[in-house]
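Here is a briefing on helix packing, domain contact and chain contact. Start with the structure.

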Amino acid sequence: MAHHQQQSRAHLTLSDRLYDIASNVYNNYTARVFLIAIITIWAVMTFTFALVRLMPGNPLDVLIEQILTAEGVSYQEAYDRVAASFNIDSDATTLDQYFQWLGDLLRLDLGTSITSPGTKVIDEIARFLPWTVFAVGTGLLISFVLGIFAGMPMAYYRGSKLDHILSFFSSFSTGVPNYIWGLLIIIVPGIAWRWFDIGALRGTYDAGLTPGLNAEFILSALEHAALPVFTYVIAILGTWMLSMKSSTTGVLNEDYVNVAEARGLKERTVISSYVGRNAALPLFTQLTISIGFVLSSGVVVEEIFVYWGIGHHLFQSITVRDYTSLQGVVLLLTAAIVFSNLFADLTYGLLDPRVRVSGEK
Amino acid sequence: MSALSPEIVLRVDDLSIVYRTERGDVRATNHVSFELKRGEAMALIGESGSGKTTISLALIRKLPKNAVVTSGQILYQRENRVQDVLGLSRRQLRSFRWNDCAMVFQGAQNAFNPVLKIRKQFEDTARAHGWTDKGAIRKRALSLLELVRLDPERVYDSFPHELSGGMKQRTLLALGVLLNPQVVILDEPTTALDILTQRAIIDVLNDMQRQLLFSIIFISHDLSLAAEMADTVATVYAGEIVEIGGVDEIFYRSLHPYTYGLLTSVPTLEHAQDVLQSIPGSPPNLIAPPSGCKFHPRCSFASDQCQLESPLLQLDDETHLAACWHKDRLLASRKEGV
């Protein structure tokens with residue numbers, strides 16, 4: 001790959017030098033995957049931009065119609081007023097709009113919401129995002145830890161009654177989608193058994209509380225998050241358990257586990273450093289990748305529990321055809337997935353020395 | 001139990017092992033007895049599936065879960081203390097393993113935990129047996145790695161995947177003697193290595209044994225390796241030791257047709273290729289083994305007696321034993337033949 005470096009320096013032209021720089025960037029693993037990530041996001045966003053404009057129904061026309069019928073002004077005046085309130089150049093062609101939007105995006109400007117003019121898309125995201133990250137993230141971590149600890153005994157006692165019971169639960173947990181779990185939780189313990197008042201748990205915290213580091217607010221936030229988190233845990237847990245079981249089963253057959261036992265290592269050492277660590281390796285990659293899906297996996301669950309997170313926001317944006325908000329949220333979801341994959345790529349080497357990437361080939 | 005003479009480090013008495021399987025009991029080891037002296041190297045030779053590995057796994061009680069020891073005892077003697085491995089508690093067994101008897105498994109390629117450095121794996125082995133001083137562990141490990149002719153500093157701080165196959169095998173040998181065991185079991189120590197690396201491993205083993213004075217049991221179907229390394233050779237057939245004796249006695253005056261068959265199935269420099277023979281038939285089904293002498297269906301000397309009565313290992317001279325009714329006929333035929 002580095003054959004061009006063997007050329008004599010004296011004969012380097014400008015294009016050679018540019019090629020040099022470009023190939024150095026490309027040969028640097030981190031830079032390369034980062035570049036690919038950026039290109040992926042750009043492609044998805046361009047696709048989204050086009051898709052939004054191909055969708056039937058247009059919020060501008062809808063508003064113009066409303067103004068025309070309500071106030072009886074001329075079409076041009078109604079058009080200008082709507083265009084002004086949306087802060088867009090109405091004469092621009094789609095291509096011009098695209099470059100305008102791309103330029104704004106490069107400055108990290110996501111524009112303003114269409115349905116609530118004046119509200120910046122980024123501010124809305126900042127308002128809803130933390131709740132989703134908190135609820136789904138907690139659910140994901142709890143299920144991951146539980147799954148690892150439940151999956152190992154399933155492998156150690158393969159074929160036992162314990163294994164059968166846990167395997168049945170895992171398949172059930174994986175097979176039933178999270179929104180069904182959410183509905184079940186509301187209907188059975190919530191409505192039929194009246195264990196909790198489902199109506200009081202709407203939103204992300206009790207009305208009238210000031211967000212901040214006070215006990216009352218934190219307790220309320222935890223209370224409101226409890227059901228969605230529980231739903232996520234139940235719905236994801238089975239996947240981790242089954243992955244850990246199969247991964248552990250594979251590792252238990254490895255020579256090095258057998259040798260470790262023959263070496264007279266303490267059982268605890270063998271289970272944690274030899275079996276557990278190697279079995280959990282592929283699950284960490286799975287975990288880092290699923291972090292990307294954290295934001296999108298709770299859309300319906302947040303609607304069911306009326307938990308005001310980013311999924312709820314996305315749902316609302318689609319319902320009212322708020323295209324800028326929609327684009328902003330889609331960008332966020334895309335970036336989350338792409339960068340969590342990137343993160344998984346770059347961190348796997350920290351866990352597994354065999355794939356540690358050295359700078360040079 | 002105190003009847004062991006002082007030079008004996010290991011005595012196996014009447015060991016029988018059965019694998020419980022769905023198709024029936026596999027009698028993998030039948031009434032095996034032998035003794036191993038201090039500093040002695042014993043080779044177990046035989047075809048695949050003859051039960052060599054079962055015997056060696058039993059020596060460190062590392063048999064698969066479906067194995068049952070139906071008779072016998074395995075006595076280790078160290079500093080006049082005799083212990084039966086089959087009677088050890090879990091905790092005693094854990095400290096016995098690697099400290100008194102280490103086993104270098106077949107295929108060192110995957111013997112090391114891929115995510116831990118070699119250093120860590122030497123350390124956790126030593127720590128599990130009560131060593132606490134990291135410096136002392138390091139010193140001992142480096143001297144052993146040097147003994148197996150590796151670059152000690154480099155290997156000690158490597159991950160397993162950074163070492164070649166031969167280097168891993170030698171590292172495993174060094175790890176095997178880390179705790180100064182009395183007995184080291186080597187299961188096919190040179191299989192899967194190229195011929196030059198095999199040579200290096202054999203030299204290293206000879207060196208180590210000379211310096212560290214442990215006893216070796218090694219399992220091999222490589223007869224030239226056995227000839228080179230062993231003081232004593234035991235031939236295993238259908239889970240039984242059918243012949244045992246000094247290396248020269250086995251190679252030049254074998255008394256069991258099976259041993260003789262093994263020897264003549266190896267090409268030598270002196271004999272032309274057409275003299276090379278294989279043993280007809282295949283190893284017996286150990287779920288329903290043949291009656292009498294288990295080798296009789298494949299044996300050219302077999303008589304009615306062989307079908308009915310199982311021959312016992314009989315002392316031929318002081319150290320050489322063979323379980324065959326027709327030793328004399330074998331000897332006579334060989335004199336004619338050569």
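The crossing of H13(A) and H14(A) is left-handed; that label applies if the near helix is turned anticlockwise from the far one by less than a right angle, with clockwise giving right-handed. The model is predicted: local features need pLDDT of at least 70 and side-chain atom pairs pLDDT 80 or more, while totals for chains, interfaces and linings use all residues. Residues are numbered from 1 along each chain as its sequence is written, with chains lettered from A and ligands numbered from 1 in the order written.

**Helix pair**
- Helices are DSSP runs (H or I, at least four residues), numbered from the N terminus.
- The axes of H13 (residues 310–319) and H14 (residues 323–351) of chain A come within 8 Å and cross at roughly 145°. Axes are lines fitted to C-alpha atoms over the stretch in contact, with angles from 0 to 180 degrees between N-to-C directions.
- On H13(A), A:Ile310, A:His313, A:Leu314, A:Ser317 and A:Ile318 meet A:Ser325, A:Leu326 and A:Val329 of H14(A). Contact requires C-beta atoms, placed from the backbone, within 7 Å.

**Domains of chain A**
- Chain A splits into domain 1 (29–106) and domain 2 (121–352), with bounds from an automatic or database domain assignment.
- Their C-alpha centres lie 35 Å apart.
- Each domain gives 13 residues to the contact.
- Helix H2 (residues 29–54) gives the most to the domain 1 side, with eleven residues.

**Chains A and B**
- In this contact, 20 residues of chain A touch 23 residues of chain B.
- H10(A) supplies the largest share of the chain A side, seven residues.

Definitions and conventions
Contact = placed C-beta atoms within 7 Å. Helix = DSSP H or I, 4+ residues; strand = E, 2+ residues; numbered from the N terminus.
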